[in-house]
Amino acid sequence: MSDAVLTIRTDAPLGHISPRLYGHFAEHLGRCCYDGLWVGPGRSDIEQQNGFRSDVLRALRALPVPLLRWPGGCYADHYHWRDGIGPADQRPIRLGMSCGLQVEDDNSLGTHEFLWFCRAIGAEPYLAGNVGSGSPQELCDWVEYCNTPLGTTLGRLRVANGAPEPFGVRLWGVGNENWGCGGNYDAQSYALEYRRYATMLRHVDAQIELVACGYDDRWNAIFMETLANHLELMDHLSIHHYWTHGGPELSFNEEQYYALLAEAQETERFIQRTAEIIQAASRAAQRPRRIGVALDEWGVWHPEARDWGPGDVPRRTPPTYEQANTLRDALAAAIALEGFHRQCQVLTLANLAQIVNVLQAVVMTDGPRMWLTPTYHAFRLHAPHMGATALQVAVEHSLSLPDGSPAVSATASRSAERLTITLINRHYRHGASVRLHCPVGGEATGQLLSADDPRATNTPEQPEAVAPRALEVHADGAQGWRVELPPHSLATLQIHGAAAR
Ligand code: AHR
């Protein structure tokens, strides 16, 4: 057991941790939306509410899920929203396309169903519009259908379909990955297309927030420069970051364990670089405007679940985009969330990919069975940070990882009720005895997520193999608190009362 010392700087606030940083993503891809969320009202072997699985609904409500992006992904640029409204038996069966898959899509999960589900779990909806095979008019119509309080034909149609009040959807994406699956645009031509879409969309509803599609640094700089005279048309710039260099999903070695964690750590730098590009463009245009970074797809994408990229392992063919989710993946998610808190002034939303069954899912299903992944628990341990004020944390002393970075890291936040500290011990082999310099007094509770092996995962047979358990938090004199962390572990401490103030 090594020693670590961290100071929680209660005097150094970093900003507000928007619940939107804890968003998720549901795409019509594989078994995410169909089967994972939606089974349809006719299915009798699975308990459901309005066609959605009750077990999944309960698990997501408890997480919680403050923001949910839908319907894609690459699927969004083929999606025509009119196919998914009105009586279910009259909806067309379309070719559902994303990421090389083609399925019969009966459109039974459409706008009303999705927005009902968001309300049921307490999530804000974020709808991704179709640029690749759509038109500005089609997207304007979707906004009008969802949001107009007026008795226009589209407004009346929404009422006739069961929604007397406008849905008030604020967040709208103008396409998805338009540098690739969303039309293979170059940055300049997408910027011109975006300008046209955004102008028209703002006329329909001036309150909506628009998310433009970004990519890498070069694309983002050209896009921002092209849009320089119309930055008022933008609220967020979207980037995606998938981690792909961690080797196999289950049988990874120590080096690959660290490779994945290092990639997760890199996510923060990408957010920072994107924010710097946005700020430079807005300075150059002499139009100060708060445009946020929207990391609206992120997480680990293991080689078994893709047919491209690095990873010398057999791929599942055809890809289902389903993958194992281990304690290592949960630690990687926690590393990303730690960076999100540090970047909370510039990062305005983030969506883990994806919510059920696909990629770094928080929930898995198999017929009537449902279980929670280690990543679910990592998110759950972070829930008290949502809406709180992020605080600076200084690592005074810690064992180092092979790349020289500290093994123990933490994020902290303060709200009226409590001080919350989430610690990660990234070391593969060594535990850490951690002293936390921070206010004492009040009542401290702790929860730990760990397992003997970072390859540990949950399965339908062993759904609780990786699950939080109570962690003892010891008062450490007048200095602060002390906890013992096993290797490859994650813990959240909550200090209620005096210390929180
Ligand atoms: O999340 C899977 C896919 O990854 C999405 O459809 C696409 O946006 C990204 O390439």
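The following questions and answers cover the domains, aromatic pairs and cysteines of a predicted model.

Student: What kind of model is this, and what pLDDT do side-chain atom pairs need?

Tutor: Residues are numbered from 1 along each chain as its sequence is written, and side-chain values use heavy atoms, with hydrogens and water left out. The model is predicted, totals for chains, interfaces and linings use all residues, local features need pLDDT of at least 70, and side-chain atom pairs count only at pLDDT 80 or more.

Student: Into which domains is the chain divided, and how far apart do their C-alpha centres lie?

Tutor: Domain bounds come from an automatic or database domain assignment. The chain is divided into domain 1 (4-10 + 390-500) and domain 2 (18-363). The C-alpha centres of domain 1 and domain 2 lie 31 Å apart.

Student: Which three residues supply 33% of the area that domain 1 buries against domain 2?

Tutor: In contact (heavy atoms within 4.5 Å) are 24 residues of domain 1 and 20 residues of domain 2. Buried area is the accessible area (1.4 Å probe) that two parts lose on being put together, summed over both. Domain 1 and domain 2 bury about 1800 Å² between them, with 63% of it on carbon and sulfur atoms. On the side of domain 1, 33% of the area buried against domain 2 comes from Arg-426, Tyr-428 and Arg-455, more than from any other three residues.

Student: Tyr-428 also forms an aromatic pair with Tyr-257. What type of pair is it?

Tutor: Rings of Phe, Tyr and Trp (its six-membered ring) pair if their centres lie within 6.5 Å; planes under 30 degrees apart count as stacked, over 60 as edge-to-face and the rest as tilted. For Tyr-257 and Tyr-428 the centres are 5.0 Å apart and the planes are at 70°, so the pair is edge-to-face.

Student: Why does this pair tie together parts that are 171 residues apart in sequence?

Tutor: Helices (H or I, at least four residues) and strands (E, at least two) are DSSP runs, numbered from the N terminus. Tyr-257 lies in helix 7 (residues 254-284), while Tyr-428 is in the loop between strand 18 (418-425) and strand 19 (432-437), so the pair ties together parts 171 residues apart in sequence.

Student: Is Trp-81 buried or exposed?

Tutor: Buried means under 20% relative accessible area, exposed over 50%, and partly exposed in between (1.4 Å probe, protein chains only). Trp-81 has 1% relative accessibility, so Trp-81 counts as buried.

Student: How many disulfides are there, and which cysteines form a disulfide?

Tutor: A disulfide is a pair of cysteine sulfur atoms within 2.5 Å. The count comes to one disulfide. The sulfur atoms lie 2.2 Å apart in the pair of Cys-74 and Cys-181.

Student: Which parts of the chain does the pair of Cys-74 and Cys-181 tie together?

Tutor: The angle about the S-S bond is -85°, and the link is left-handed. Cys-74 counts as buried at 12% relative accessibility, whereas Cys-181 counts as partly exposed at 38%. The parts, 107 residues apart in sequence, are the loop between strand 5 and strand 6 and the loop between strand 9 (171-174) and helix 5 (187-204).
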